[in-house]
Protein chains: 2
Amino acid sequence: MSQSQQSKDLAAARSKATFSVSDMAVHIHGSPENVKRRREIAEIVANDPVFARETRHGLSRVQDVNLGLKMGRRYFELKDQLKLSKEDAVILVEMIDEYMPITLHESAFIPIIYAQGTDEQAAYWGPLAEKHQILGCYAQTELGHGSNLSNLETTATFDRATDEWVIHSTTFEASKWWIGGLGTAATHALIQAHLIIDGKNYGAHGFIVPLRSLKDHKPFPGVKVGDIGPKAYGGFAKIDNGFVRFDHHRIPRENMLMRFSKVTKDGQYIKPPSSKLAYGSMVLIRSYMIRVAALNLARAATIATRYATVRRQFNVPTSIRDEANPKLETQVINYPMVQARLFPIIAQAYALFAAGETMINMYTSMLSELMEGDISSLAEVHAISSGLKTTCSTMAATGVEDCRKLMGGHGYSYFSGISHIWSNYVPSNTYEGDNFLLTQQSARYLLKQVKLAAVSPDKVTPYNKYVIRLTNQDAFASERCSVTVEEDWLKPEVQLAAFEHRAARLVGDLAAGAMNKDVVWSDLNLECWRLCHAHSQYVLARSAVDAVETARKQGRQPEVVKVLKQLADLFALHTIQQNLGDLLEDYFVNPMQCQALRRQIKKVQAAMACNVVGLTDAFDFTDHYLGSALGSYDGAAYKRLWEAAVSQPINQREVVEGYSEFLKPILQQHGAAKL
Amino acid sequence: MSQSQQSKDLAAARSKATFSVSDMAVHIHGSPENVKRRREIAEIVANDPVFARETRHGLSRVQDVNLGLKMGRRYFELKDQLKLSKEDAVILVEMIDEYMPITLHESAFIPIIYAQGTDEQAAYWGPLAEKHQILGCYAQTELGHGSNLSNLETTATFDRATDEWVIHSTTFEASKWWIGGLGTAATHALIQAHLIIDGKNYGAHGFIVPLRSLKDHKPFPGVKVGDIGPKAYGGFAKIDNGFVRFDHHRIPRENMLMRFSKVTKDGQYIKPPSSKLAYGSMVLIRSYMIRVAALNLARAATIATRYATVRRQFNVPTSIRDEANPKLETQVINYPMVQARLFPIIAQAYALFAAGETMINMYTSMLSELMEGDISSLAEVHAISSGLKTTCSTMAATGVEDCRKLMGGHGYSYFSGISHIWSNYVPSNTYEGDNFLLTQQSARYLLKQVKLAAVSPDKVTPYNKYVIRLTNQDAFASERCSVTVEEDWLKPEVQLAAFEHRAARLVGDLAAGAMNKDVVWSDLNLECWRLCHAHSQYVLARSAVDAVETARKQGRQPEVVKVLKQLADLFALHTIQQNLGDLLEDYFVNPMQCQALRRQIKKVQAAMACNVVGLTDAFDFTDHYLGSALGSYDGAAYKRLWEAAVSQPINQREVVEGYSEFLKPILQQHGAAKL
């Protein structure tokens, strides 16, 4: 096998694509301008030595955080030099692809000041923060209290005499914990603390708390602050998630964020008008997380697809022949088992992009309604965003690691690039609402829709219409999948009917369970979890179907539309297949239909095989953004893996540093060998 | 919440166990002597500063490997000082819980010398290696060829004139890669290379190749050797997996391992008598891997169980009440969702220990048959070990990470201890036979049993008897699960019947598929994979059932036997539930039975709830071996997490190192704040 066989193989696979890759890239990223802008910013990052991939790994914790600070400095310089818009700055952060000590300053501290501060507060703190003359973090979570606001043990007690808040960690477990930027960088924290006036607890409120002196960065007395240490799997390596414990630390009364609740100089507490609006920003974050899920899964899928194309292993015959190279080993991507594992992941990545689009559209239209005082869609959008956050982030994290396993031994090298993606991504299954807990919110909303369907079916919101069927139990019980020949599985209405029936049955069962007086709500957690995923998978499948229509309407190339249809099919059929038990259990599908489903999945995969390199090229990721020796655009996997290894610091000496101290004593413990 | 509430909670939960924890520990580890010995060695490791957990993380790659060498030195010293037996040395390595540069010297290099060397070679190389006067590694895998022996591109060409082998990497991709111990430590490699005499290729053979001088450890000319760099997820941090590329490197003819094939001075190649015996050691390694899977999953389950017991979160009512502390938040372990996720993992860990026992017994009895020239059970034992390796290592890796997710935000701290376990364990899904590839071996064997059943049903091997049912298709098609009330699911024969029916149907379907002339074998990969897991799950369930009987016969406490029965039930029912689709698809179970199954699972879990802390205590792991701030025996999770963080090197300075260089320029980029 010549050194460039891998590059030839990838080029050959690339040439087989039946559709316009650049047109597909426009479909994914929204417009030619977006594609262009992303590329430009990616190039800037790729060419900046501070953001080099080669020097990011193998560092000690102290070196890691230092590099994070260095990257932060460079980020601010670039933002200034290039006069980046807010949107472009977000892309810059995305391309840097590292959580930095300054990340939460921009993504949490600043937005919350504007959202929860009064106009005066925004005018005072906003510019200071925008010009990063102060660096902030958002401190909610405590050592002993995940994110349960109602049980926080940090208090802000009003001292009328001095017009100050006394910030205090009332217990050991009250220490703020996990706060990004707090460990080394932040000069200020936006903390959540229970507000206390005259011994009365008014619950959690936000306060801006100075932590470190702007003169020399030393922590103030009464502020015990530090870094919480390394994270699992080498993730979050460059960010300084920190802790802080307050000992009667005093701040001015005006440092309480008062857009909603207010406290006057004489200690009078003024209630906020409504709290529903706070949901808005939560929805935005969760909506954005769908897109992040898509980006991460798409990256891993790109790497795995390219490497499976250039990797040849064993001479086992497959239905797909590499006629040009009959004597070489089989390309791994031609094995049906690899296709069965990899192709659905590509389809999932596309479905996630589609759902991200759906979600952003829902959010945008909700926002304009909210502006006019209409909160009618808030509940549905909130429920869908919670459900999708759960299903999509679980799917993406699982899929990324599945991509690594698909890559065989080399997948476990740091240089595969998957480690960096997964170790930084997987905590998303826990933060912004634990994926298991969130399922309850989604399920509760669906239960309400069931009740609504019984009295006012026309008021049931769009993505929940299927619950109306439950009002006619006999008709529902006799619903059956209409597939008679395997091609029937390609009809979107057949696919969506299966998703709808499944979700409807599960919400019906949950409703029945919830009526049982002997059952407490928490006993139904598992049922909520099943339902939430069924519903979210339905939203995903529908988004994928809708994306095909959108592409057609927007005048995308017909071949692009055709391939999008295949992807939507594979997403739907693969998901149905993973959950066949749910559909078999009430006879909605029969054994013949199950067999037909499996055959049809294989057919779709076979039809896609020539396009998978093109489909992942269309995500339009640069080599730097992929950060993988095995997944580069030119396919030179082994060459790059070799170069990455040879240039390791440990290999710059002929004999390892610890030879005299450790190895020689081992070799000579029983006397030197006489050879 | 007082600081010691966590310790109180864990002690209270511990006191509720209905069975003798020490008697259970004897059941798990085989004898009171084993339990005692493991504890003694664990204590030795725990008290040795070289093996301290506190100094293992946050290191640079160079520091990591140095610590690995240091640990290796200490290991050899201890082995000598304590005059450890081979078995005890294995426990010592287990307790050190780190792959070291010397690990493969003992676990691969030495055994292979004895297995594949002649008596003379063993007498020469054995003592040198045993006294570690030379340090070896086992070099099979190449950069471009996972572990496909028949396509290796390293050659050993015989030079008759000098009576030497010329070792050469014929291509760039021929570089040996991933070889543990090779990066920095090994003086010798046992390599696999294609043997060539007079231009004729005799395939892969083993050679002992000197790499580095015993004088100064410098690599010999013609040997380009180094470390392959960091692994994914921070795993394998202390071991120096390496690469080597040979440029016409010469070694004496006698360095070829000649127990089987031989090459004489005049270049005559003498064939080996039989190659079947090589399977023996593969079976042993895979059998041992079942136990390793059990140990890893048990560790994570212990940590997660303890932390879920001491962690309180939200005030949501559950069916289980903490009457003693009505005002505190709910213990996480009382939430049904947590039980539904965690308890099956505990049951899986017990099933894995049981299957490990089954496997070792099968291996031992096979070995004594082999000694007498009887190879009749080799094929079954090989097939079962391949299948179990796949199913068990997948189950354990998935379960370990599920335990982390169960622990909420803190699970993602390195100090949860899960990171260390999973990042080092997950590559086991790929090495020693990729978990997806291996399923084919298992499936092929089962197909042969189907054919055998048709002609000589009495010759079908014990774990495959169920295939005999396929010989009567009508009877098979009308088989139904006998459950009428939910308690029926507790009958072992009912459980095993479900596993057997499922595996039988899948092997029947595969046999039908394989008869189709249009289908190539690789098209059936997915079907092999499904079948292999179904069969291995059956072996696991049967092992768990058998373990109950064994415990009874060995006179374990009746309460221990009772609890083991609950664990076997939960393992079987949970596994069946995860695969209900397979049983619904041919009407073996009906909807009523599915509902009954889910109810029965909840009942078993409720009955187990008082015992889970005891069940994980019974694994008998020391705090050092667990390596978790959150899972220590005393339950002081938050205190330990705090201490781990505060003592971090990065926190030993008041102001972070990079302040002047990076933070100050950020803060003053737009002029210093005027506050």
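**Contacts around a listed site**

Tutor: Apart from neighbours within four places in sequence, Thr141(A) is in contact (heavy atoms within 4.5 Å) with Gly146(A), Ser147(A), Ser175(A), Lys176(A), Trp177(A) and Ile179(A). This is a predicted model, where local features need pLDDT of at least 70, side-chain atom pairs count only at pLDDT 80 or more, and totals for chains, interfaces and linings use all residues. Residues are numbered from 1 along each chain as its sequence is written, chains are lettered from A and ligands numbered from 1 in the order written, and side-chain values use heavy atoms, leaving out hydrogens and water.

Student: Is Thr141(A) buried or exposed?

Tutor: Thr141(A) is buried, at a relative accessible area of 19%; buried means under 20%, exposed over 50% and partly exposed in between, with a 1.4 Å probe and protein chains only.

Student: Which residues does UniProt list for "binding site"?

Tutor: The unreviewed UniProt entry lists Thr141(A) and Gly180(A); such annotations may be inferred rather than shown by experiment. They are spread over 40 residues of sequence, yet they cluster in space, with a largest C-alpha distance of 10.8 Å.

Student: And what does Gly180(A) touch?

Tutor: Leaving out residues up to four places away in sequence, Gly180(A) touches Leu104(A), Cys137(A), Ile239(A), Asp240(A) and Asn241(A). Gly180(A) counts as buried, at 8% relative accessibility.

Student: Switching to chain B, what lies 2.7 Å from a polar side-chain atom of Ser169(B)?

Tutor: The backbone nitrogen of Phe246(B). Ser169(B) is buried too, with a relative accessible area of 8%.

Terms used:
Polar contact = N/O pair within 3.5 Å; in protein donor to acceptor, adjacent residues only side chain to side chain.
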